[in-house]
Amino acid sequence: DYCHSLLHPRNPGHPVAVIDNFYMLVKAASSNLPQPPPLFHLQSRIYRIKARLISHLQSLAGHKRTKFEYFTALLWKLLAKASEEDQKRCKLGIVVNGRDYFRNSASVNHKSLENYFGNVLSVPYIDASVGELRSMPLSEIADEVHACVESASNGEHFRGLVDWVENHRPFQAMCKIFSFLPSDTEELAVL
């Protein structure tokens, strides 16, 4: 007996309202377009940074945030610094791994989840104006990054996401941040 998913929706489902802020149906993304979106070259970067530099970065702003949060804050600030217009919006999406949040769930077969090949991910995002990011100290930007990660770092978020997907079947869904193309008014980054 083949089971297509290890993550079953709750009955009755309880989709979390904030999920609508992070995800959209693919049909909604394309319904407003009279023609296909223009091709846009996405850039992918891999950075190698010495551990002592990351530790130094974290020490500059205190240790209340993780190295990842400080590094992400630095990249977000640098992206804003590269923009020439203070009014432009700068979006940041962060991939959150949800596998650990299902370990305490009674509705998931934990043995099956250990052998599961695939991802259980969410991509919450935040945005701020270029001017705001330029003027904010790095520690405040790291606080914003932390709040973004925390918004999806819990079992209820991921259970709500499973329920949301089930409520919108048979339509395909996508992360909203991927529906934005950089333009005259906005930039984006996904980590």
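Reader: Where does Ile49 lie in this model?
Author: In this predicted model, Ile49 lies in the loop that runs between helix H2 (26-31) and helix H3 (51-60).

Reader: Why is Ile49 called partly exposed?
Author: Its relative accessibility is 34%. Partly exposed covers the range between the buried limit, under 20%, and the exposed limit, over 50%, so Ile49 at 34% counts as partly exposed.

Reader: Happy to move on to Val145. Why is Val145 called buried?
Author: Buried means under 20% relative accessible area. Val145 has 0%, so Val145 is buried. This residue belongs to helix H7 (residues 138-152).

Reader: What is Val145 in contact with, leaving aside its neighbours within four places in sequence?
Author: Contact asks for heavy atoms within 4.5 Å. The partners of Val145 are Glu69, Thr72, Ala73, Trp76, Leu92, Ile94 and Ile126. Take Leu92: Val145 and Leu92 are 53 residues apart in sequence, yet their C-alpha atoms are 8.5 Å apart in space.

Reader: Which residue in S5 does Leu92 stand opposite?
Author: Leu92 stands opposite Ile126, and Ile126 is also one of the contacts of Val145.

Reader: How do you know that strand S2 and S5 pair?
Author: Pairing needs at least two bridges. Strand S2 (residues 89-93) and S5 have five, in the antiparallel sense, and therefore count as paired.

Reader: And what makes strand S5 mostly covered?
Author: Four of the five residues in S5 (residues 125-129) are buried.

Definitions and conventions:
Residues are numbered from 1 along each chain as its sequence is written. This is a predicted model: local features need pLDDT of at least 70, side-chain atom pairs count only at pLDDT 80 or more; totals for chains, interfaces and linings use all residues. Side-chain values use heavy atoms; hydrogens and water are left out. Helices (H or I, at least four residues) and strands (E, at least two) are DSSP runs, numbered from the N terminus. Buried means under 20% relative accessible area, exposed over 50%, partly exposed in between (1.4 Å probe, protein chains only).
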